[in-house]
Structures are given as structure tokens and as C-alpha cells.
Amino acid sequence: MALIPYSPLHAGLLAGALAASSDPRVKRHHEQLFAYESPCRDLGTLPAAVAVAGLPHNPVVASTIVGVMTIDEPHLDLVGLSVRLDDAAMTRLDAWPGPG
């Protein structure tokens, strides 16, 4: 059995949503998003790229489906394919509980 994640950016919440503070979902999940974006900043890469980059590390993920709403989003997905996450980064990200 395998998993095919749809919308790995959680409808934009994992794409650097803290910058979009007017979104009510950001206010509701601010603490969780800060905990996610902090290791992304430490890695020196975009939160959206980290979300995509982490998928191949999960042994049950067979593929992923990404949807785009802007012309810039496919570029972010491609950047994510070039991000390399070491074991320490994956351990830190795996400890993150998610946006709820």
C-alpha cells in the first residue's frame, strides 16, 4: 500500500503563510506555523520547498499531487525537488505536530 499526498502545502499554510497574517487560518495556527517555519529558516530555504522536499523521505509516499493557484507555485515545487534534507533536519521536521 502507498500514499499519494494531495496538496502537500496544506492549502498554502506550509508555503510561508506567516507572512500572510491577514488569513484567519494563520492566526488560528500561528504557533504551529512558527514551529514549522523556524527549521525552514535554519535550513535557509522556503517553507514550501521544505514541504515538498520532505515527501520522498517518507517510505509510504509513492508520489504526490500538487495543485497551483499562481504562476509562481510550480517554481516553488521544483525548488523543493532540489532541497536536500539530512537526517537531523528530517528528525526536527518529523517532531512537528502539523497545523491541526
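Guide: The protein averages a pLDDT (the predictor's confidence in each residue, from 0 to 100) of 85, and 98% of the residues score at least 70. This is a predicted model, in which local features need pLDDT of at least 70 and side-chain atom pairs count only at pLDDT 80 or more, whereas totals for chains, interfaces and linings use all residues. Residues are numbered from 1 along each chain as its sequence is written, and side-chain values use heavy atoms, with hydrogens and water left out.

The part to look at is helix α5, residues 87-94, where helices are DSSP runs of H or I with at least four residues, numbered from the N terminus. At its start, a side-chain oxygen of Asp86 comes within 3.2 Å of the backbone nitrogen of Ala88. Along α5, Ala89, Met90 and Leu93 are the buried residues, buried meaning under 20% relative accessible area and exposed over 50%, with partly exposed in between (1.4 Å probe, protein chains only). Viewed down the axis of α5, these buried residues fall within an arc of 95°, so they line one face of the helix; the arc is that of the directions from the helix axis to the C-beta atoms. On the face turned away from the buried side, α5 carries the exposed residues Asp87, Ala88 and Thr91. The buried residues of α5 pack against α2 and against α3 (47-54), contact meaning heavy atoms within 4.5 Å.

How values were computed:
Helices (H or I, at least four residues) and strands (E, at least two) are DSSP runs, numbered from the N terminus. A polar contact is a pair of N or O atoms within 3.5 Å; within protein, one must be able to donate a hydrogen and the other to accept it, and residues adjacent in sequence count only if both atoms are side-chain atoms.
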